[in-house]
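Reader: I am new to this structure. Please take me through the terms, and set each value against its definition.

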Amino acid sequence: MNLASLDLNLVVALRALLEERNVTHAGHRVGLSQPAMSAALARLRRHFDDDLLARVGGRYELTALGQVLLDRTSTACDLLERLFSSQADFDPATESREFKLLASDYAVAVFGAALARVVHAEAPGIRLRFTHTPNTVVEDATTLLSTSDGLLMPHGILSDLPATDLYQDQWVFLVAEDNPEVGERLTRQDLARLPWVTYQRTYDAPAVRQLGMLGIEPRVEVSVDSFQLLPFMVAGTRRIALVQQRLAQLLAGVAPVRVLPPPYDAVPLQEALWWHPVHLHDAPHIWLRETAARVGAELTGTA
């Protein structure tokens, strides 16, 4: 299909029609008259060879193809808006805009807070909005990044997308202070026999995949969507948890737990800022990546 032959205004009309499911309401939304929107719907029906909206009783419902196009059209519109809002120049001291970053609570606590302090000092008109990383990120990374400004996530989970390295972290284990089954050090046998509390999809983490290579399969008893909840789920139980060392240091004292090193050479965590290729030459995003890299270097002590 030749993109040059397409009327991109139809993308906006298609989104309004699919979301509103009403020709008149869709026209009001995009500033078109009812006849003009009806004409746009007719062109879209010819293009897709599908009704898209089918009348059921006194209302319209999406056809099967219309349902498929609903999410894709929303993503396409967001990506086009970002593409055509690209800038050649950017002055952080005077600009006013918002950056949306997908991140776990670990990344926000360890890195996001430091980034926000730098942005507060150097770019008073810039707003940061951190949104929790959905557990579908592995399957939908490109789509998610097309509607956001970046994703904070370690290497080893995503691939085939550009990334800016930030800092390294190590893995440690949390054990309840009063757990009589664990001495001063954990053993591999402890990891296999004790119940675990984990963060979301633990098997995606390289550190946990490494355990599988060692023949250790975590027996997950509790799963949570917050790294910062792990100490509370470990305290007073037989459970153990794998957590980032920097976060463990930040949370020291919040719950009666001990921090112990892994009984194996755990693969270090390399945190990165992942971004969509459409942002490669956009001045605001270049500034964001450079600022993030500088903050990461300061965390590492290499700045």
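Reader: In which strand is alanine 272 found?

Author: Alanine 272 is in strand β12, residues 269-274. Strands here are DSSP runs of E, at least two residues, and helices are runs of H or I, at least four, numbered from the N terminus. Two points on the ground rules: this is a predicted model, where local features need pLDDT of at least 70, side-chain atom pairs count only at pLDDT 80 or more, and totals for chains, interfaces and linings use all residues. Residues are numbered from 1 along each chain as its sequence is written, and side-chain values use heavy atoms, with hydrogens and water left out.

Reader: Why is alanine 272 called buried?

Author: Buried means under 20% relative accessible area, exposed means over 50%, and partly exposed lies in between (1.4 Å probe, protein chains only). Alanine 272 has 0%, so it is buried.

Reader: What is alanine 272 in contact with, leaving aside neighbours within four places in sequence?

Author: Contact means heavy atoms within 4.5 Å. By that test, the partners of alanine 272 are Leu151, Leu152, Met153, Pro154, His155, Ala163, Thr164, Asp165 and Leu166. Glutamine 168 is 104 residues away along the chain, with a C-alpha separation of 9.1 Å.

Reader: Is lysine 100 buried or exposed?

Author: Lysine 100 has 19% relative accessibility, so it counts as buried. Lysine 100 sits in strand β3. Six of the seven residues of β3 (residues 97-103) are buried. Beyond four places in sequence, lysine 100 contacts Arg129, Thr131, Thr147, Ser148, Asp149 and Gly150. Leucine 128 is 28 residues away in sequence, and the two C-alpha atoms are 6.1 Å apart.

Reader: How do you know that β3 and β4 pair?

Author: Two strands pair if DSSP finds at least two bridges between them. β3 and β4 (residues 126-132) have seven bridges, in the parallel sense. Arginine 97 stands opposite isoleucine 126 in β4. β3 is also joined to β5 (residues 150-154) by two bridges, again parallel. There, leucine 102 has leucine 151 as its bridge partner.

Reader: What makes the unit of β3, α5 and β4 right-handed?

Author: Point the strands away from you. A crossover is right-handed if the path from the first strand over the helix to the second runs clockwise. β3, helix α5 (residues 105-122) and β4 make a right-handed β-α-β unit.

Reader: Why is threonine 291 called buried?

Author: Threonine 291 has 3% relative accessibility, so it counts as buried. Its place is in helix α11, residues 283-300. Not counting residues up to four places away in sequence, threonine 291 touches Leu115 and Val118.

Reader: What does UniProt list for residues 6-63?

Author: The unreviewed UniProt entry lists "domain: HTH lysR-type" there. UniProt positions follow the numbering used here, feature names are shortened, and annotations may be inferred rather than shown by experiment. In the model, this span is 60% helix and 14% strand, with its end C-alpha atoms 22 Å apart.

Reader: How do you know that the span of helix α3 agrees with what it should be?

Author: The expected span is 1.5 Å times one less than the number of residues. Helix α3 (residues 34-48) has 15 residues, so it should span 21 Å, and its end C-alpha atoms are 21 Å apart, which agrees.

Reader: Which residues of α3 are buried?

Author: They are Met37, Ala40, Leu41 and Leu44. Seen down the axis of α3, the buried residues fall within an arc of 100 degrees (taken from the directions from the axis to the C-beta atoms), so they line one face of the helix. On the other side, Pro35 and Arg46 are exposed. The cover over the buried residues includes α1 (9-20), α2 (23-30) and β1 (53-56).

Reader: How many bridges join β1 to β2?

Author: Four bridges join β1 to β2 (residues 59-62), and the strands run antiparallel. Valine 56 stands opposite arginine 59 in β2. The two strands form a hairpin with two residues between them, and glycine 57 in the turn has a positive phi of about 65 degrees.
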